[in-house]
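Let's take a walk through this structure together. Have a look at it first, and then we'll go helix by helix.

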Amino acid sequence: GDDALFFLGEAHFYAKKEELLAIAEYDRLIRRMPFSTYVERARYRICEAYVRMSPKYYRDQTYSEKALEKLQEYIDDYPNSDNRIQAQEDILVLREKLSKKAYNSGLLYMKMEEYKAALLAFEQVTELYYDTEYIDQTHLKIIECYFRRGELEISRNHFDSKRKHIENLGMAEVVEKWFELGRVMRKIEVE
């Protein structure tokens, strides 16, 4: 019955590195017995399993993205759940991790002087993870990328429209100097 499937999932969930087997069992329960009293718990366990499998930011983030998707579905379907607050906290942690990955990818492309690719990575942060701690630095790096590509007008427009983010970093005067002197400088060079 449904309890057997649920507890088989639990056995895999609590075993080391058997999250995928647990997800398969919980998923089988959900598909076969959609009206079971275990469905909500099984769905949350699936979320927990994907969160647990989410690796460090510099690795492939497929499980992090899957965890985000499952957590959001869970919150949408069970808005009054006792697990809602933890699910929302997990979402914030995962979004920070994905933002950090995109931001660091942009930095890596900048080191390779691949500014177009860097801009794509930074745009991912601004479009998908605008509420994370990397947003201010990302806008600074977007300005720098356009500057280094020689697209000074676009760089200036981005600075003007996102000035608040640059001010949050205490870098507005430094960026003004970039435009004044025609080169990118670090904060130390200006002081």
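A residue counts as buried at under 20% relative accessible area, exposed at over 50%, and partly exposed in between, using a 1.4 Å probe and protein chains only. What you see is a predicted model, where local features need pLDDT of at least 70, side-chain atom pairs count only at pLDDT 80 or more, and totals for chains, interfaces and linings use all residues. Residues are numbered from 1 along each chain as its sequence is written, and side-chain values use heavy atoms, leaving out hydrogens and water.

Let's start with helix 8, residues 152-161, where Ser-155, His-158 and Phe-159 are buried. These three span an arc of only 100 degrees around the axis, so they sit on the same side of helix 8. Glu-153 and Ser-161, on the other side of helix 8, are exposed. The cover over the buried residues includes helix 7, helix 9 (163-168) and helix 10 (172-181).

Now for helix 7 (residues 135-148) and its partner, helix 6 (residues 115-128): their axes come within 9 Å and cross at roughly 155 degrees. The two helices are therefore roughly antiparallel, a label for angles over 145 degrees. Among the residues that meet here are Leu-119 and Phe-122 in helix 6 and Ile-142 and Tyr-146 in helix 7, where contact means heavy atoms within 4.5 Å. The residues of this contact divide into nine nonpolar, three polar and three charged.

Last stop: Glu-19, in helix 2 (residues 19-32). Is Glu-19 buried or exposed? Glu-19 is buried, with a relative accessible area of 10%. Leaving aside residues up to four places away in sequence, Glu-19 touches His-12, Ala-49, Arg-52 and Met-53.

Terms used
Axes fitted to C-alpha atoms, helices over the stretch in contact; angles between N-to-C directions. Helix = DSSP H or I, 4+ residues; strand = E, 2+ residues; numbered from the N terminus. Parallel < 35°, antiparallel > 145°, perpendicular 65-115°, else oblique. Nonpolar A, V, L, I, M, F, W, Y, C, P; charged D, E, K, R; others polar. Arc of directions from axis to C-beta.
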